[in-house]
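Trainee: I am new to this structure. Please show me how to read its features, starting with a single residue.

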Amino acid sequence: MSAYQKILVVINPHSDNQDALYRGVFLAEKFNCQLVLASAVYDSSYDMPKLLNSNQRELLKQRVLDAQHERLQEYASPFSQLSNVLYKVVWHKHFHRGIVKLAKTENVDLIIKAAKNHDKLSQRLFTPSDWHILRHSHANVLMVKHHEMPEGGNIVCAISLEDKDEQHECLSDEVSLAANAFAKVMAGQLCISNSFIGAPVHISIEVPQFDPQTYNSNVELRRKNLINKLCDKHALNNTKHYVMEGLPEDTIPQLCSQLNAELLVLGSVGRKGIKAALLGNTAEHIIDKIGCDTLVVKPKTP
């Protein structure tokens with residue numbers, strides 16, 4: 001079975017540059033799955049009952065929906081190879097909330113959205129809509145930049161190896177499998193990475209018998225063994241492993257830059273209530289610093 005059965009592509013109605021669509025067509029062919037072209041629209045005139053009666057308001061709504069539906073079809077028209085595609089337009093005041101709601105209704109496996117590119121800084125700028133979709137989507141989210149996705153590139157998979165943390169362990173399984181699925185369809189090199197906080201050198205002053213260098217070497221060796229076990233567990237072959245000392249929000253962007261990575265895959269622990277407003281401080285710091293495509297893997301719900 002393919003890793004993805006249904007991919008939703010977010011079409012921005014206010015932009016002619018549809019990078020997400022190109023990536024969606026590419027991946028739909030690779031994964032042999034259904035493609036959903038989706039958008040959310042709203043007209044503030046709908047909220048003016050003094051200007052429009054109920055019939056006029058509904059007529060306005062339908063016209064706006066129909067116009068955007070036609071526009072989605074126009075965007076897809078250059079791609080003659082598309083055969084299994086749906087067009088969905090939702091009526092919602094908030095674009096990002098409409099997309100998240102539609103993704104759940106359509107039960108998609110993956111959402112693809114283009115991040116805004118800043119030409120002068122050569123990096124992506126995440127809008128409030130981007131962060132909302134990343135934080136609240138039930139499905140995995142792929143944020144793409146303005147470039148082609150060449151085959152044979154490096155795919156960095158960032159995993160957590162915390163002791164006795166079942167939630168992070170399960171998520172690391174899902175992250176590694178998701179990264180491997182992309183590595184297969186892109187003929188890419190899967191690079192599994194993990195970061196750890198080393199013992200500070202000055203601790204040997206307070207505890208003379210403690211050797212920070214030996215401690216850090218032991219931690220690094222143990223992490224490498226855990227990565228090997230993870231690869232054996234999921235039959236991940238021909239992988240490269242990187243265990244780095246330092247904060248993940250520093251080491252992972254550095255690794256992506258060093259390897260000229262085409263894709264970074266990392267996980268986001270599910271949150272509820274007020275905590276759902278954040279994707280996770282570490283994940284958000286990492287995503288904000290890198291320039292390659294980013295796949296955020298969400299934990300599967302029972």
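Mentor: This is a predicted model. Start with Lys289, which is partly exposed, with a relative accessible area of 48%.

Trainee: What does the side chain of Lys289 meet in a salt bridge?

Mentor: Its partner is Asp250, at 3.2 Å from N to O. Lys289 belongs to helix 9 (residues 281-289) and Asp250 to helix 8 (residues 248-259), so the bridge ties together parts that are 39 residues apart in sequence. Asp250 is partly exposed, at 34% relative accessibility.

Trainee: How many salt bridges does the structure hold?

Mentor: There are nine. One of them joins the side chains of Glu151 and Lys30, with 2.5 Å from N to O. Glu151 sits in the loop between strand 7 (140-144) and strand 8 (154-158), while Lys30 is in helix 1, 121 residues apart. Glu151 counts as partly exposed at 49% relative accessibility, and Lys30 counts as partly exposed at 33%.

Trainee: Which residues are linked in a network of salt bridges?

Mentor: Lys6, Lys88 and Glu106 form such a network. Within it, Glu106 and Lys88 meet at 3.6 Å, N to O. Glu106 is in helix 3 and Lys88 in strand 3 (residues 85-91), 18 residues apart.

Trainee: Is Glu106 buried or exposed?

Mentor: The cut-off for buried is under 20% relative accessible area. Glu106 has 14%, so Glu106 counts as buried. Lys88, in contrast, is partly exposed at 30%.

Trainee: What should I look for in the backbone?

Mentor: Most residues other than glycine have a negative phi. Asn32 has a positive phi of about 55°. Asn32 lies in the loop between helix 1 (19-31) and strand 2 (34-41), and is exposed at 70% relative accessibility. Asn107 also has a positive phi, near 55°. Its place is the loop between helix 3 (95-106) and strand 4 (110-114), and Asn107 is exposed, with a relative accessible area of 57%.

Trainee: Which element has the lowest mean pLDDT?

Mentor: Strand 6 (residues 123-125) has the lowest, at 53, and strand 1 (residues 6-10) the highest, at 97. Residues 118-123 have pLDDT below 50, and this stretch has four contacts in the model beyond near neighbours in sequence. Residues 272-279 are also below 50, with 17 such contacts. For the protein chain, the mean pLDDT is 86, and 86% of its residues reach 70 or more.

Technical notes. Residues numbered from 1 in each chain as written. Predicted model: local features only at pLDDT ≥ 70, side-chain atom pairs only at ≥ 80, totals over all residues. Heavy atoms only, no water. Helix = DSSP H or I, 4+ residues; strand = E, 2+ residues; numbered from the N terminus. Buried < 20%, exposed > 50% of the residue type's maximum accessible area, 1.4 Å probe, protein only. pLDDT = per-residue confidence, 0-100. Contact = heavy atoms within 4.5 Å. Salt bridge = Lys/Arg side-chain N within 4 Å of Asp/Glu carboxyl O.
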